[in-house]
Amino acid sequence: MGSEDRDRLQAVLEALPTGALLQSPADEVLAVNRKFVRMFDLEGRVDLSPGAPMEPVAPLVRAFFAPGHSGPGTPGGILSGRHVHRVAEIPLTDGRVIRRQVEPLRDGGAYLGSLWVFADISDAKRREHDLERDNRTLTELARQRNAFTAAASHELRTPLTSISSFGELLADPAFGSLTTEQASFLDAIRRNAERMQRVISDLLLTTRMRAAGPELEFAPVDVPRTLEAAVMDQIDAIGRAGLFTVLDCAPGPALRGDRHRLQHVLGNLLENAAKFTPPGGRISVTAAPRGVHWDIEVADTGIGVPEHSRHEIFTGFVRAPNARTGGYPGTGLGLAIARTVVEQHGGTITVGGREGEGAVFRIRLPITGPPPAPSGGRLVAGDGGGAAGGPGGAAGPAGEGVP
């Protein structure tokens, strides 16, 4: 190799962001950059000039490896793996972690040597460990939150059942007649007991969904009948709110889904519409099959949803600003449950309309139901894309055959 070629090669190695050493087919040093020399404090300790033997370099580098690192310890054993691509992450005695790669260089069938690359990945590993620690902490906090929610919900159910039962007894004419004022008080007790019961049910359902997702039972769903049932379930509450309701559902094929869960979603949307629409307003429920989907809309003439809140209101315990400041009761769980159920059906739920003029919730559900779950195991976020044996590396024990 001429001096001009050697200078070009040295310039290339110096431009690399990692420590690098180029080994000849005869196990001699062809070139090495300054990052490699500084990484292992090799200045003046070993000959690294072109043509110098590689054998004395290997033990000096390996001396930095933390105790317990697997792999051959003799210079001959270390250099024997130069013909095979290898990748390993190696802790050093000073606390650093390096990723070492050995890349054989070939021209056709001829072996031209190997490129050794050493990258300091200490910061990346530290962030990875911090993230794992934070994930463990968040997982434990979520477990405690779910346990508290479940326990509190169950504890609330017992006194609430007593309140509802005694309310029914007081309404029984056998216990005497009530004045108009007493009847209105009793109606308020019963109405708020029912509301608390729904909140508790939502809390328990949310806890189960967080733990394992909603348990869905798929079967053919008659969409017009399901919508009619959902409206009839809420018709008393809508009437008490002084609202006018319109249901317009076109005929169409049965939908593969969980009728009970979908009816619960529609009930939440109708309850919200009644809650946020002033007396004299209107609630419209429309549905029609379009292509391979059923499109369902629940629209009202209420306060609407601010544009900047139209995504976050589908998150648990999050409510739109005009709902919070307007004195409207609620937990912010209904829409979160609705989104989870709809997405488990392979569908989407969005909200439109204009603030101050009403909200329009749109549900799109595939007629055939959700796509089948992928077979052959689950895909875990963060899984590496390299071959077996390390990130991007060949199979075999990490560190085998390289320093």
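Modeller: Start with Lys 125, which is buried, because its relative accessible area is 15% and the cut-off for buried is under 20%. Keep in mind that the model is predicted.

Lys 125 pairs with Glu 89 in a salt bridge, with N to O at 3.0 Å. This pair links distant parts of the chain. Glu 89 sits in strand β3 (residues 86-91), and Lys 125 belongs to helix α5 (residues 122-171). The two are 36 residues apart. Glu 89 is partly exposed, at 31% relative accessible area.

Lys 125 also forms a salt bridge with Glu 128. Here the closest N and O atoms lie 3.4 Å apart. This pair is within helix α5: the residues are three apart, so about one helical turn separates them. Glu 128 is partly exposed, with a relative accessible area of 36%.

The picture extends to an arginine. Glu 89, Arg 99, Lys 125 and Glu 128 are linked in a network of salt bridges.

For context, the count of salt bridges comes to 15. One of them joins Arg 290 and Asp 295, whose closest N and O atoms are 3.5 Å apart. Arg 290 is partly exposed, at 48%.

Definitions and conventions. Residues numbered from 1 in each chain as written. Predicted model: local features only at pLDDT ≥ 70, side-chain atom pairs only at ≥ 80, totals over all residues. Heavy atoms only, no water. Salt bridge = Lys/Arg side-chain N within 4 Å of Asp/Glu carboxyl O. Helix = DSSP H or I, 4+ residues; strand = E, 2+ residues; numbered from the N terminus. Buried < 20%, exposed > 50% of the residue type's maximum accessible area, 1.4 Å probe, protein only.
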